[in-house]
Amino acid sequence: MKDGSFQQGFEHLVGPDQVHRDLYTDPDVYRAEQARLWTRAWVYVGHESQTPAVGDYTTTDIAGQSMIMLRGSANEVVVLMNRCAHKGSQLVHERAGNCGKVLRCPYHAWSYRLDGSLLSIPLKNDYEGTNLSACPSGKGLASPGAYVNYKGFVFARISHDGPDFESYFGEALATLDNMVARAPDGELCVLGAPLRNRIGCNWKLYLENVNDTVHPISTHESAASAAKHVAQDLPEGGDTVLAMEQLLPFGAGYSFYSEMGARVLPHGHSILGTKFSIHTGYAPLPDYQAELEARHGKEGAQQILAFSPQNTVLYPSLAAKASPMILRVLRPLAVNETLIETWAFAPKNAPARLRQRAASYARLVFSPMSVVAHDDVHLFESQQRGLACDGNEWLSLHRGYREGELHAGASSIESGNNEWVIRNQHRGWLSLMGDTA
């Protein structure tokens, strides 16, 4: 955008089958996203298992605003703005910790209960006869416009205006439901700290790639080839090495991804791999399956285990896998920089092999130095630099496009290679930016 003005809106940047490079390179577009999209959307904050004890907290930034996810009581997790009601100092400065029984500002020692209400202030008598109790400073800590703890997964919407949680995510919540259902006792927990990767690209380039089934054949050719070479030397009939179980499917051809199917949903959400995915062929765990059958019945357990999508996008901040249990969280830092957090999950008291699958997959595929992510990061950053070059200003999203797609709503797609799942993200982008999707 030449003058930073958005009087004409944003529709001219998103065509039915192509998008303009300004979506990824223009600082004014990025600033508008922070003010509009990331405040109106429901954004992932964290999982309640990150704060197991009363007083435990984690912090995160959404749209440049620092938030605290805090265990306020044994049965409640709250989300508060990390800003003292007095003069705005941040209350906590660590990524995670425990604040004890109160939140106490390090600047002037104003103290707050764990629900954010004001507890005490120094020199209380000096405030008698003033207007403190009637103004916002006397009301305690602010919260985002809304927040929801959905089966342990905590989301926030900064704006007070916007869609309610259930109608915003709709069918996309099925993957989170499935993750919880895979826990025999109904409880999930994070497996330690996440992998964090700062990537020199716009956040939308990364999120598009989550749904791009064509790139693995070329981008990850070396990783798949190396896994195949190692697998040839494994004893026939021996126990499958976990790394091979997870890396060999990257060598699947175009037809494999084409046949896995997909589903596009309103607001930019999608489910890739509605029929099967590269995770479908993992070796069974009989004892674990018996526990699921005891909870859900044999047929119910089979249905739960059969749902193994490649990726579910809960737009704009989350990409989820149900098996192995992996969440990738997007945190935009600048127009050309994105932080990716990769969290591995497992059922509480899960068998060791199940925990190993999630932890191993996170390291093998999403660690900054993994043989898979290394390829991706190189190309994301190459793409960001390439978009600054003169020439064609548009990025093609033509694969599989057909007239009438724009108004189809939630739709199932036969081919997982159809770029509809990516085009759908940009229609969600337009909607959240305030233009017609």
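Visitor: Which residues in α5 are buried?

Guide: This is a predicted model. Helix α5 spans residues 174–181 and is mostly covered, with 6 of its 8 residues buried. Buried here means under 20% relative accessible area. The residues in α5 that fall in this class are Thr175, Leu176, Asn178, Met179, Val180 and Ala181.

Visitor: What pLDDT does the protein average?

Guide: Of the residues, 93% score at least 70. Over residues 1–7, however, the pLDDT is below 50. That stretch still has 12 contacts in the model beyond near neighbours in sequence. For the protein, the average pLDDT is 92.

Visitor: Are the rings of phenylalanine 153 and phenylalanine 345 stacked, edge-to-face or tilted?

Guide: The count of aromatic pairs comes to 16. In the pair formed by phenylalanine 153 and phenylalanine 345, the ring centres are 6.0 Å apart and the planes lie at 45°. Planes under 30 degrees apart count as stacked and those over 60 as edge-to-face. An angle of 45° therefore makes the pair tilted.

Visitor: How many residues apart are phenylalanine 153 and phenylalanine 345?

Guide: Both phenylalanine 153 and phenylalanine 345 are buried. Phenylalanine 153 is in strand β11 (residues 153–157), while phenylalanine 345 is in strand β19 (residues 337–347). The pair links distant parts of the chain, and its members are 192 residues apart.

Visitor: Why is the pair of tyrosine 361 and phenylalanine 366 classed as it is?

Guide: Tyrosine 361 and phenylalanine 366 are each buried. Their ring centres are 5.7 Å apart, and their planes stand at 70°. The cut-off for this class is over 60 degrees. Because the planes are at 70°, the pair is edge-to-face.

Visitor: Which residues form one aromatic cluster with Trp42?

Guide: Rings of Phe, Tyr and Trp pair if their centres lie within 6.5 Å. One aromatic cluster contains Trp42. The residues that form it with Trp42 are Tyr44, Tyr150, Phe155, Phe165, Tyr168 and Phe169.

Conventions: Residues are numbered from 1 along each chain as its sequence is written. This is a predicted model: local features need pLDDT of at least 70, side-chain atom pairs count only at pLDDT 80 or more; totals for chains, interfaces and linings use all residues. Side-chain values use heavy atoms; hydrogens and water are left out. pLDDT is the predictor's confidence in each residue, from 0 to 100. Contact means heavy atoms within 4.5 Å. Buried means under 20% relative accessible area, exposed over 50%, partly exposed in between (1.4 Å probe, protein chains only). Helices (H or I, at least four residues) and strands (E, at least two) are DSSP runs, numbered from the N terminus.
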